[in-house]
Structure formats: C-alpha cells, structure tokens
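The sequence and structure are shown first.

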Amino acid sequence: MLVFKAPGLDDQMLAAFLPFLEAGAHDDRNSVKKSVNRALRQICKRNLALNRQAIESAKRLIARYDCSAHWIRQDALRELVSDSVQRRLRKPPIQKNTPE
C-alpha cells in the first residue's frame with residue numbers, strides 16, 4: 001500500500017524496485033513469494049506506464065522454471081492485464097476540489 005499512500009514517490013523510483021522483485025522471485029519461502037507478488041501487483045496499479053513495466057517484469061519470469069517464479073508470474077499477470085485494472089488506469093484522474 002506504500003505505492004498509493006506515498007505521493008512523493010515518482011515512477012522512476014518505483015520502477016527501480018522491479019529488478020529487485022524479479023531477483024526475489026526465485027525464493028521459495030512463502031512470505032517472500034507473497035511479498036514479491038503483492039509489490040508487483042501494487043506497483044502496476046499506480047498508472048499505465050508502471051503497469052506496462054510491471055507486465056514486462058512479470059513476463060521476464062517466464063524464463064525461470066522454479067515454482068515460486070511461476071506462481072508469481074501467473075498470479076500477477078492475471079491482475080496486471082485484467083479488464084478492471086486496465087479500465088481504471090485509462091480513466092482520467094479525478095480532480096480534487098481544493099478551497100482557495
């Protein structure tokens with residue numbers, strides 16, 4: 001949830017985490033596997049550009065044959081390319097009414 005609650009993080013900072021997530025995808029510990037999966041899915045929901053980068057990152061896990069990378073790829077891609085996420089990312093941002 002850090003991705004949504006920390007507006008000071010820009011896209012470059014979040015995209016810099018993707019190689020670390022890919023590296024952690026081979027770890028078979030359940031908590032690590034779930035954390036990598038959740039981080040990848042949360043980064044993808046920030047905006048369309050990060051969504052595309054996260055999809056490419058998940059697709060790079062195809063070359064790995066271990067169970068945890070396969071599980072992360074399958075679960076993350078299911079959400080990354082889902083119609084609901086893609087629809088939400090394509091909507092124009094809602095402008096907040098701020099008193100002047």
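Helix 4 and helix 6 are roughly parallel to each other, a term for angles under 35 degrees. This is a predicted model, in which local features need pLDDT of at least 70 and side-chain atom pairs count only at pLDDT 80 or more, while totals for chains, interfaces and linings use all residues. Residues are numbered from 1 along each chain as its sequence is written, and side-chain values use heavy atoms, leaving out hydrogens and water.

**Helix 4 and helix 6**
- Helix 4 (residues 30-44) packs against helix 6 (residues 67-80) at an angle of about 25 degrees, and their axes, lines fitted to C-alpha atoms over the stretch in contact, lie 10 Å apart.
- The contact (heavy atoms within 4.5 Å) involves K33, K34, V36, N37, L40, R41 and C44 of helix 4, together with S68, W71, I72, D75, A76, E79 and L80 of helix 6.
- By class, these contact residues comprise 7 nonpolar, 2 polar and 5 charged, where Asp, Glu, Lys and Arg count as charged, Ala, Val, Leu, Ile, Met, Phe, Trp, Tyr, Cys and Pro as nonpolar, and the others, Gly among them, as polar.

**Overall architecture**
- The protein chain has 7 helices and 0 strands, these being DSSP runs (helices H or I, at least four residues; strands E, at least two) numbered from the N terminus.
- Of the contacts with a separation of 6 or more, 72% join residues 24 or more positions apart.

**Burial and surface**
- Among the 100 residues of the protein chain, 40% are buried, meaning under 20% relative accessible area with a 1.4 Å probe.
- The protein chain exposes about 6,900 Å², with 57% supplied by carbon and sulfur atoms; the areas come from the Shrake-Rupley method with a 1.4 Å probe.

Conventions:
Buried means under 20% relative accessible area, exposed over 50%, partly exposed in between (1.4 Å probe, protein chains only). Axes are lines fitted to C-alpha atoms, for helices over the stretch in contact, and angles run from 0 to 180 degrees between N-to-C directions. Angles under 35 degrees count as roughly parallel, over 145 as roughly antiparallel, 65 to 115 as roughly perpendicular and the rest as oblique.
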